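Let's take a walk through this structure together. Keep the picture open and follow along as we go.

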Amino acid sequence: MLSCADATRRVSESLDHPLPLRTRIGLRLHLMMCSACWRFSKQIRGLERLLRGPRKGSEAADSTEEDPQRLSPSKREAIKRALRR
Amino acid sequence: MEADVGGTPPTGAGAGLAGDPCLWVDEHGDALFRYALSQLSDRSTAEDLVQETFVAALEARERFRGDSTPRTWLISVLRHKLVDHVRRAGRQQIAENPETLGAEVEAAFNAHGRWIERPGRWAPEAPAAELERKEFQRALQTCAQGIAGRAGEAFTLRVLCELSSEEVCKVLEVQSTNLWVLLHRARSKLRTCLERTWFDRRTKDEPLC
Ligand SMILES: [Zn+2]
C-alpha cells in the first residue's frame, strides 16, 4: 500500500495536474482508510480555497474597504494615469 | 484571443495585448501586487514596481507573442524587475533556494513514510464572526507569506496570482515535476503553520497508518 508520505505528495499533485487513473484509484483507497491523510487532503484544499476565495467577491463588489492584498485605490488610479500618458 | 505574431503594427487592438491598458490594471493589478508584496513585504515599493511593470508592458506590448497568457507575461516582466530591485538593494537573491523547507516537510514522516505528527482534527473553515474572521484571514496570509524561497514564490504564483501550473513553470523556468515538489512543500508548510498558529490541536487519535 501507498505510504502516507507518498499519498500526501499525490494529494498535492492532484491539485496541479490530473493523476493517471491507477494512481488516482490507489490514492482514493488510501484516503478511505487513512484519516490522517484524509484530513491533510481536506485541509490543504480548504486553505487554498480560503486564500483564493474571499477576494473574488470583494473584487466584484469593488468595495472601498482596505484589503491588504490589493493595490490601494489611489495607486490604482496613479498607474492608470501613467498609462494614459 | 488570437495571437498575432505577424506584421500587424501594434496600434492598440490587434497587438498581442489588445485593449485599453487601464483595463489591464483592473484585471491583473492585484495579482501583480500580491506577487511583488510576497517578495518584498514593503507595500509602497511593491506598488511602484507594479506601476513600472505596466508602463514597461505598454511600451513593449508588440513583443507579446500570445504563447502565454497576458497575466503570465506581465508577471514575467515584474519578476525581472523584482530580481533587479533585490539585486540593487544588495539583499538576498530572489528565489534563492534554502532547502530547510524540504527538510521540514520530510520531518513530518518517519523512514517508512508514516506520519510522525498526524494532522489535527480541524476543518479548514473561516470563523463565522466578522472580527474573528478578519483575524483568521490575517493568520492565513501571514502563513502564506511565510513560505520561504522558491516554494513560496511558486505557491504565490499558483494560488494568489491564479496562474495554471504550466504558466508557473514558464515564469520560474522549472520542469513541472520540480514545480509539483515545490508546491507540495508549500502546501504542507502552510497547513502546519495554520495548525500551529490558529487551529487547536487538542485532539489526536490513534495511529492508523
Ligand atoms: Zn496516510
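**Salt bridges and the meeting of two chains**

Over all chains, the structure holds 16 salt bridges, each one a side-chain nitrogen of Lys or Arg within 4 Å of a carboxyl oxygen of Asp or Glu. One of them pairs Asp16(A) with Arg158(B), with the closest N and O atoms 2.7 Å apart. Asp16(A) sits in the loop between helix 1 and helix 2 of chain A and Arg158(B) in helix 6 of chain B, so this pair joins two chains. Helices here are DSSP runs of H or I with at least four residues, numbered from the N terminus.

Before going on, a word on the ground rules. This is a predicted model, where local features need pLDDT of at least 70 and side-chain atom pairs count only at pLDDT 80 or more, while totals for chains, interfaces and linings use all residues. Residues are numbered from 1 along each chain as its sequence is written, chains are lettered from A and ligands numbered from 1 in the order in which they are written, and side-chain values use heavy atoms, with hydrogens and water left out.

Now, how many salt bridges are there between chain B and chain A? The count is eight. Another of these links Arg187(B) to Glu48(A), where the closest N and O atoms are 2.4 Å apart. On the side of chain B that touches chain A, the elements giving two or more residues are helix 1 (21-40), helix 2 (43-59), helix 5 (130-145), helix 6 (149-160) and helix 8 (176-197) of chain B.

The contact (heavy atoms within 4.5 Å) takes 56 residues from chain B and 48 residues from chain A. Together the two chains bury about 4700 Å², 59% of it on carbon and sulfur atoms; that is the accessible area (1.4 Å probe) lost on being put together, summed over both. In chain B, Pro124(B), Trp180(B) and Arg187(B) lose the most area to chain A.
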